[in-house]
Amino acid sequence: MKSNFSQKVYEVVRKIPRGKTLTYKQVARIAGKPKASRAVGNIISKNTNKNVPCHRVIRSDGKLGGYNGLRGKSKMQLLAKEGIKL
DNA sequence: CAGATGACGATCA
DNA sequence: CTGATCGCCATCT
């Protein structure tokens with residue numbers, strides 16, 4: 001059972017249009033907890049649902065952050081296909 | 001229930 | 001500018 005916060009995070013990430021990226025801070029802020037950036041990453045990391053474009057969620061530093069292993073892909077590869085590149 | 005963990009963010013040195 | 005430390009929140013063990 002997911003808490004309201006995690007549910008909100010999924011919803012926000014799922015709303016991210018193709019070719020667009022959001023930072024963990026933005027997602028946390030929209031979810032209602034501007035300081036929960038860590039919690040956001042944690043929730044997503046343990047729920048890697050394919051219906052949620054978690055690879056579009058990056059750090060505020062402009063770095064991709066973690067993400068690893070899902071289908072052996074990396075965020076960079078997926079984002080590059082979206083039209084986003086470093 | 002309490003402690004440790006983590007796909008982070010911001011500030012300090 | 002780069003590296004390290006503290007702070008914050010939900011989830012896991």
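Trainee: Which helix gives the most to the surface near DNA strand C?

Mentor: This is a predicted model, where local features need pLDDT of at least 70, side-chain atom pairs count only at pLDDT 80 or more, and totals for chains, interfaces and linings use all residues. Residues are numbered from 1 along each chain as its sequence is written, chains are lettered from A and ligands numbered from 1 in the order in which they are written, and side-chain values use heavy atoms, with hydrogens and water left out. A residue is near a strand if one of its heavy atoms lies within 4 Å of it. Helices are DSSP runs (H or I, at least four residues), numbered from the N terminus. Here α3 gives the most, with 4 residues; α1 (4-14) and α3 (37-45) each supply at least two.

Trainee: Which residues are around DNA strand C?

Mentor: Among them are Ser3, Phe5, Lys33, Arg38, Ala39 and Lys46. Sugar and phosphate account for 54% of the atoms of DNA strand C that come within 4 Å of the protein.

Trainee: Is Arg56 buried or exposed?

Mentor: Buried means under 20% relative accessible area, exposed over 50%, partly exposed in between (1.4 Å probe, protein chains only). Arg56 has 11%, so Arg56 is buried.
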